[in-house]
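Below are some notes for a colleague who is opening this entry for the first time.

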Amino acid sequence: KIILSALDAKISALVIAQDVFSQVENQVPLVKLALPDKPVPQGIITDVLSAASSSGVAIASLQFQQMPLSKNTTAKITMSNGLPTVVFSASVTGDQDKVRSFVANLEKRLRYIRLKSLTVSLGAADITGLGYYYE
């Protein structure tokens, strides 16, 4: 009887776990977009271009720090808050409202990006950002 009740408890726990998983299963792709399992710099390029396009600023430059794109590389992984990151910098030009809109649009992207520094001057902005991923 003890074994049967233990098995019933495990079956019950598995049914509950399956119900919980079915409730969040459709959110898994969003989590992978927000925190991909590889550096995916092209995703950051897309996000910066989209934020620039929707805010009306012009991108003067977009650069990435060296990053590992495969397991067989000597590139150093930059860590922040315990997670590997893709470090990028961008310079944009546009009036103050457009630059402000660009920063707001960049912060609203699905990919988890943190702005490390922001320098705004008349008609331009320079940002350094971190695009997180999970290995």
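1. A term first: two residues are said to be in contact when heavy atoms lie within 4.5 Å of each other. In that sense, the cover over the buried residues of α3 includes β1 (58-64), β3, α4, β4 and β5. The model is a predicted one.

2. Overall make-up. The protein chain holds four helices and five strands. Read from the N terminus, the order of elements is α-α-α-β-β-β-α-β-β. Of the 135 residues in the protein chain, 30% are buried. The chain exposes about 9,100 Å², and 58% of this comes from carbon and sulfur atoms. Among contacts between residues at least 6 apart in sequence, 69% join residues at least 24 apart.

3. Helix α3. This helix has 15 residues, and the distance from its first C-alpha to its last is 21 Å, close to the 21 Å expected at 1.5 Å a residue. Its buried residues are Pro41, Ile44, Asp47, Val48, Ala51, Ala52 and Ser55. Because they cover an arc of only 125° around the axis, they sit on the same side of α3. Gln42 and Ser53, on the other side of α3, are exposed. Just after α3 comes Gly56, which takes a positive phi of about 85°.

4. Helix α4. Here there are 12 residues, and the first C-alpha is 17 Å from the last, close to the 16 Å expected at 1.5 Å a residue. Val99, Phe102, Val103, Asn105 and Leu106 are buried in α4. These residues lie on the same side of α4, because they cover an arc of only 165° around the axis. On the other side, Gln96, Asp97 and Glu107 are exposed. The buried residues of α4 pack against α3, β3 (83-93), β4 and β5 (124-132).

5. Salt bridges. How many salt bridges does a search of the whole structure find? The search gives two. One of them joins Asp47 and Arg109, with the closest N and O atoms 3.7 Å apart. This pair links distant parts of the chain, 62 residues apart: Asp47 is in helix α3 (residues 41-55), and Arg109 is in the loop between α4 (96-107) and β4 (113-121). A salt bridge also forms between the side chains of Arg100 and Asp97, at 3.0 Å from N to O.

6. Asp47 in its setting. Leaving aside neighbours within four places in sequence, Asp47 is in contact with Leu106, Arg109, Arg111 and Ile113. Of these, Leu106 is one of the buried residues of α4, and Arg109 is the salt-bridge partner.

7. The pair within α4. Why can Arg100 and Asp97 be described as about one helical turn apart? The reason is that they are three residues apart in helix α4. An α-helix has 3.6 residues a turn, so residues three or four places apart point the same way. Asp97 is exposed, with a relative accessible area of 53%.

8. A residue in strand β3. Ser91 lies in this strand. Its relative accessibility is 19%, so Ser91 counts as buried, the limit being under 20%. Not counting residues up to four places away in sequence, Ser91 touches Ala58, Ile59, Ala60, Ser61, Ala125 and Asp126.

9. A nonpolar patch. Which residues form a nonpolar patch on the surface? They are Ile3, Leu4 and Leu7, with about 340 Å² of accessible area together. Leu7 belongs to helix α1 (residues 2-24). With a relative accessible area of 45%, Leu7 is partly exposed.

Technical notes. Residues numbered from 1 in each chain as written. Predicted model: local features only at pLDDT ≥ 70, side-chain atom pairs only at ≥ 80, totals over all residues. Heavy atoms only, no water. Helix = DSSP H or I, 4+ residues; strand = E, 2+ residues; numbered from the N terminus. Buried < 20%, exposed > 50% of the residue type's maximum accessible area, 1.4 Å probe, protein only. Areas by Shrake-Rupley, 256 points an atom, 1.4 Å probe, with all protein chains shown as cover. Patch = residues over 30% accessible without salt bridge, like charges linked within 9 Å, V, L, I, M, F, W, Y side chains within 5 Å. Salt bridge = Lys/Arg side-chain N within 4 Å of Asp/Glu carboxyl O. Expected span 1.5 Å × (residues − 1). Arc of directions from axis to C-beta.
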